[in-house]
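Have a look at the picture first, then go through the points in order.

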Amino acid sequence: MARILIVLTSHTKVGSTEKKTGFYFDEMATPYWALVDAGHEITIASIEGGHPEYDPSSVKDDPSERPEPVARFLVDSHAMALLSKTARIDDVSPADFDGIFLAGGHGTMFDFPKSDALATLVGKIFDAGGIIGAVCHGPAGLVAARRADGRPVVEGLRVNAFTDAEEQAVGLVEVMPFLLESRLRELGAKFEGTDNFKGHAVRDGKLITGQNPASAALVAEKMLEALAQKEQTATA
């Protein structure tokens, strides 16, 4: 059993607009259940701690239209209790976790890159051989993360994230603080995107990244593979 930290944004508005955002519910719930059902121990944290808000567009008003992991999460008392009292990222120790997952949502673009604590967590978990997962805009939490030698965590590694073309398609290029694909490329990552809004995930060793909400299950699957291989290596 591995100890995995899921990190959520605490940011609630898109730039200077009044458009509400937050974490994207399915991008949190799908990996959560995949990891829990596989027997792993989950802690949920957010940048500011407490009860983070989700992007309203990520939870349909009609329950029948909600993805199964979202519907399951919303009626599970333990899961909802974890979400209502998330740890503040500054209070989390990297030594307590075998892996970290960065859920997406446009809010991540505003507070993930500015969090020194998150950057430190990602870098130290990576250096310790932990598994790093992120989906959609979640890889915004990778841009400030550095290895012990000072190099970006993503340098030289194959990665994926919400693409510049997808940002253009949703009409939010002008209000984003930066374009995630472009920034990852600038940091030396080998970006591997695909068609707009098509599910796609990339694994390069212990780093697993996915392109958009449709990629959450793919990222979770690859994280489980990486965790199983890590456990096999440890017990060999």
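1. A quick word before the details: this is a predicted model. Start at Asp-111, which, if you skip its neighbours within four places in sequence, is in contact with Thr-9, Ser-10, His-11 and Ile-47. You'll find Asp-111 in helix α4, which covers residues 108-111.

2. What about the charge on Asp-111? Asp-111 is buried and has no salt bridge. Lys-114 is the nearest side chain of opposite charge, and it sits 9.0 Å away, whereas a salt bridge would need the atoms to be within 4 Å. Asp-111 does have a polar atom of its side chain 2.8 Å from the backbone nitrogen of Ser-10.

3. Now for the sheet. Seven strands make an open sheet with mixed pairing, and the order to trace is β3-β2-β1-β4-β5-β9-β8. The edges are β3 (87-88) and β8 (201-204); each has a single partner strand, so one side of each has no neighbour in the sheet.

4. β8 pairs with β9 (residues 207-210) in the antiparallel sense, over four bridges.

5. Last stop, helix α1 (residues 25-37). Its 13 residues reach 18 Å from first C-alpha to last, close to the 18 Å expected at 1.5 Å a residue. How many residues of α1 are buried? The count is 10 of 13, so the helix is mostly covered; among the buried ones are Phe-25, Met-28, Tyr-32, Trp-33 and Leu-35. After α1 comes Gly-39, with a positive phi near 95°.

Note on methods. Residues are numbered from 1 along each chain as its sequence is written. This is a predicted model: local features need pLDDT of at least 70, side-chain atom pairs count only at pLDDT 80 or more; totals for chains, interfaces and linings use all residues. Side-chain values use heavy atoms; hydrogens and water are left out. Helices (H or I, at least four residues) and strands (E, at least two) are DSSP runs, numbered from the N terminus. Buried means under 20% relative accessible area, exposed over 50%, partly exposed in between (1.4 Å probe, protein chains only). Lys and Arg count as positive and Asp and Glu as negative; His and the chain ends are not counted. A polar contact is a pair of N or O atoms within 3.5 Å; within protein, one must be able to donate a hydrogen and the other to accept it, and residues adjacent in sequence count only if both atoms are side-chain atoms. Contact means heavy atoms within 4.5 Å. Two strands pair if DSSP finds at least two bridges between them. The expected span of a helix is 1.5 Å times one less than its number of residues.
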